[in-house]
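Have a look at the model, then read on.

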Amino acid sequence: MLTKFAVTNFRGFANRIEWDLSSPANYEFNKSAISDGIIKNGIIYGPNGSGKTNFSLAIFDIENHLSQKWKKQDYYANFIYAGNHRIEAKFEYTFKFDDNILLEYVYSKNNNGQLLSEKLIVNGHIIFERKPGSFCIDKQQFPMEDIIRHNLGNNANNVSIINFLLTSYPLNKEHYLIKLNRFVNSMLWFRNLDIREFIGLETGIYILDEDIISQGMLDDFSDFLKSVSGQDFKLVTKDSKQILCRIDESTIPFNLIASTGTKALQLLYFWILRMKNASFVFIDEFDAFYHFSLALEVCRRLFKLDCQVFTSSHNTYLMTNDLLRPDCYFILNNNKILPLCKCTDKELREAHNLEKIYKAGAFYVE
C-alpha cells in the first residue's frame, strides 16, 4: 500500500507538499477505511485552483518511468513549477508491503521528464543511490562489475535503476522489487470531464459498449445502473458492438438516451470491472456529472473494493461520518494537504456534522 507521498517543484507546487496516509486517528467507526494501520479510502477537497488534479497527477509520475501501461499524452507539459524551470522536480514515495517491508523510493526529474537521481531504501537500508556522475549499490544483493557500476553512474540514456535491476537479475516473486513493480503496474488514475483520460492499469483504448458486451456483462451492467442510480434499462445487443435499449417494441442506441451522468456511470463500470486487479486508484472529480445522492452510492461501492481508492470532489454531501471518518477527508490548500481532524482544534466525533462544520469555515489549512 502507499503510505506516504511528497512532491516538490511540480507544476503549481513550488514547495514540498506531503500526504501522509500512515497515521490514522483512533476513531472506532468506519474501520474498513483503514487497512493495516494505513488509510485505504479518502476524498480530497479544496478550492478551485488549489492543485487537486496536479497533486493526483504527481502521485502517478512513477508510472511514467517504471510502467509500460497507458500514460497521459501531455503529462510533461508544464511539468516544473513555472517560476523555476532550472530546478528539477522531486518525488518521494513510501510503500508498505505484506511482510512488513517498508520501501522508500525517491527520485528527481528535469523539465523533460528525464531521471536525474534515484534512491531506494528498504527497511532503513540504502539499496542504491544514483546522483549525476555517481552511483552506489548494495553489492551483496546486486553484485556487478565495475564497468557496469560506472556506466550506471553516468547513465546517459537515463534508464531507471529499478528497471535495470528488474530485467538484469533473477528475482523471486516475493522480492521487494517485484512487489513494487506489481504495485506500480496496477495503479490507475482516470477522470471524465471534457475529455476522458486515464493513466496506468491498461495498455490501450477500449470502446465501452464492445468491451461490456464481449465480457458478457450486459445484464450485470443493467443491474449496476439500477442499484446505484435507480434507472431501469432493458439492455440488448444485435451485432455485439453496440448496446441498445429496448423500449416497448422498439430499440434505440443506449448512448442516444443516456444522460451525461449515466454515460459517466458506464465509464465507471468499465473501470470497476478492472479494479479487482488494481492496487491504488485515484478518480479525479469523479462526481462531476452525478446527483449528490448518486455520488454517495458510488462512493459506498468504490470503498468496498480491496484496493486503495481515493477521489477528489467539491460535493460536501459526501463529507459525512456515515461514509468515512474525519481522518479520511482531506483538504488541499496553500501547498498543504491535511485530514479534517488536523484542520481544527475541535475534537471531532462520530455525531458531528462534518459538512456543516466545513461550510461554517471551521476547517482551515494554514
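1. First, a term: a salt bridge here is a side-chain nitrogen of Lys or Arg within 4 Å of a carboxyl oxygen of Asp or Glu. This is a predicted model, and it holds 18 salt bridges.

2. Start with helix H3 (residues 146-154), where Arg149 and Asp146 sit three residues apart, about one turn of the helix. Their closest N and O atoms are 2.1 Å apart, and the two form a salt bridge. Arg149 counts as buried because its relative accessible area is 17%, under the 20% cut-off. Asp146, by contrast, is exposed at 55%.

3. Which parts of the chain does the Glu202 and Arg274 pair link? The salt bridge between these side chains is 2.9 Å, N to O. It ties together distant parts of the chain, 72 residues apart: Glu202 is in the loop between strand E12 (196-199) and helix H6 (208-214), and Arg274 is in the loop between H9 and E16. Both Glu202 and Arg274 are buried.

4. Lys226 and Asp232 make another salt bridge, with 3.7 Å between the closest N and O atoms. Lys226 is partly exposed, at 47% relative accessible area, while Asp232 is exposed, at 54%.

5. Now for the inside. Strand E11 (187-192), helix H9 (260-272) and strand E16 (280-284) each give two or more residues to the lining. By type, the lining has nine nonpolar residues, one polar and three charged.

Conventions
Residues are numbered from 1 along each chain as its sequence is written. This is a predicted model: local features need pLDDT of at least 70, side-chain atom pairs count only at pLDDT 80 or more; totals for chains, interfaces and linings use all residues. Side-chain values use heavy atoms; hydrogens and water are left out. Helices (H or I, at least four residues) and strands (E, at least two) are DSSP runs, numbered from the N terminus. Ala, Val, Leu, Ile, Met, Phe, Trp, Tyr, Cys and Pro count as nonpolar, Asp, Glu, Lys and Arg as charged, and the others, Gly among them, as polar. Buried means under 20% relative accessible area, exposed over 50%, partly exposed in between (1.4 Å probe, protein chains only).
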